[in-house]
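Good morning, and thank you for joining this group meeting. I shall take you through one structure, beginning with a single detail and then turning to the whole.

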Amino acid sequence: MLPQIAGTRTRAVRVIRVRHSRSVDPISYPQAKVVVVTAGWTTLEHRECSTALAEGDIAILPARALVSGEPLPIAETVTFYLDPSFLEQQLAWTRTTAPVTAAFQAAVEGTGPILSLRPSKVERRTLISDARSLASCDTPAANIDLAFLGATLGFLARIDRVVSPSTSIMPRSEARVVTTALRLDLARRWRVADLSRLANLSGSQLTRVFHTELGASPMQVLARLRVERLAELLLTTSWTVQRCAEAVGWVDPCYATRIMKRIYGITPSEYRKAARSHTRTRF
């Protein structure tokens, strides 16, 4: 298939959230792009080079770069489309010579390879949450709100401080397939035996693979995925804590509260109050 050249209206910044389940053919945008992988795994192909990205990873793509994508097997991304002239103006105020800044400069010029970045474990969750929030606040209006623009620039500036260049290593295909199945059907009453059949491994083998590749058991990964989705529902809906918990597979809201407290260090009600207050402050 012939490469695509995407035409978009001139605008300083756009932030778009997309779930990918199919390959993306080579496509070029006039804007520089910052891609945040908010769920799953994917690879990007540019100039015959492949860049592997996992959940929480960030990639900086040059303007006019011809890039294709391959989710493994699904990936959710939040992409920041940055007008090169606008980005160049912002870089004029930057005093650091960090690799991230150099990558932004190359992105403005439309040169250089894709730079992949990996945040620390502590920062990854916050960056994903903030990227999703920015995407939900973006609108197709020609004139963007100054508060939104400021929050976006603040997010991009944080990248320089919380990430460093890194090469991601894709986990084994069995771990990716099982994690994807969990993510697509969080409310299901999963058993290790169900997951073992998906991976064509015994229960003990699957558990070893998960501990080696993801640092946790299959059920621990499921709990983390449920908490992440629970947090998103608490922020984006007016549902009760019980209804949010049921939507992710926990019929007992007290149990959901205990798990969220253990993983996030905060209860669902406390999270909703703090997250909404934080969002109002930024926007």
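Which residue follows α2, and is its phi positive or negative? The residue is Gly110, and its phi is positive, near 75°. Helices here are DSSP runs of H or I with at least four residues, strands are runs of E with at least two, and both are numbered from the N terminus.

Let me state at once what we are looking at. This is a predicted model, in which local features need pLDDT of at least 70 and side-chain atom pairs count only at pLDDT 80 or more, while totals for chains, interfaces and linings use all residues. Residues are numbered from 1 along each chain as its sequence is written, and side-chain values use heavy atoms, with hydrogens and water left out.

The score pLDDT is the predictor's confidence in each residue, from 0 to 100. For the protein chain its mean is 84, and 87% of the residues reach 70 or more. Over residues 1–5 pLDDT stays under 50, and the model has nine contacts for them beyond four places in sequence; contact means heavy atoms within 4.5 Å. Where pLDDT is low, the predicted coordinates should not be read in detail.

Now the overall picture. The protein chain has eleven helices and nine strands. Of its contacts with a separation of 6 or more, 74% are between residues 24 or more positions apart. Of its 283 residues, 49% are buried. Buried means under 20% relative accessible area, exposed over 50%, and partly exposed in between, with a 1.4 Å probe and protein chains only.

In helix α2 (residues 99–109), the buried residues are Val100, Thr101, Ala103, Phe104, Ala106, Ala107 and Val108. An α-helix has 3.6 residues a turn, so residues three or four places apart point the same way.

The other is helix α8 (residues 218–236), where Glu228 has its place. Is Glu228 buried or exposed? Glu228 is buried, because its relative accessible area is 18%. Beyond its neighbours within four places in sequence, Glu228 is in contact with Glu55, Arg183 and Tyr264. Helix α8 also holds Leu235, which counts as partly exposed because its relative accessibility is 22%. From Leu235 to Pro268 the C-alpha distance is 9.9 Å, although 33 residues separate them in sequence.

On a 1 Å grid over the protein atoms alone, a cavity is a set of points where a 1.4 Å probe fits but cannot get out, and a pocket is an open set with protein on both sides within 12 Å along at least five of seven lines; lining residues have an atom within 4 Å of a point. Points are joined across faces, edges and corners, and a volume is the space filled by probe spheres set on them.

The whole structure has one cavity of 30 Å³ or more. The largest cavity has a volume of about 40 Å³, and its lining includes Ile27, Tyr29, Lys33 and Leu61.

The second largest pocket has a volume of about 350 Å³. Its lining has 21 residues, and His20, Val24, Lys33, Thr77 and Thr79 lie nearest its centre. Two or more lining residues come from each of β2 (13–20), β3 (24–28), β4 (32–46) and β7 (66–82). Strand β7 gives the most, with eight residues.
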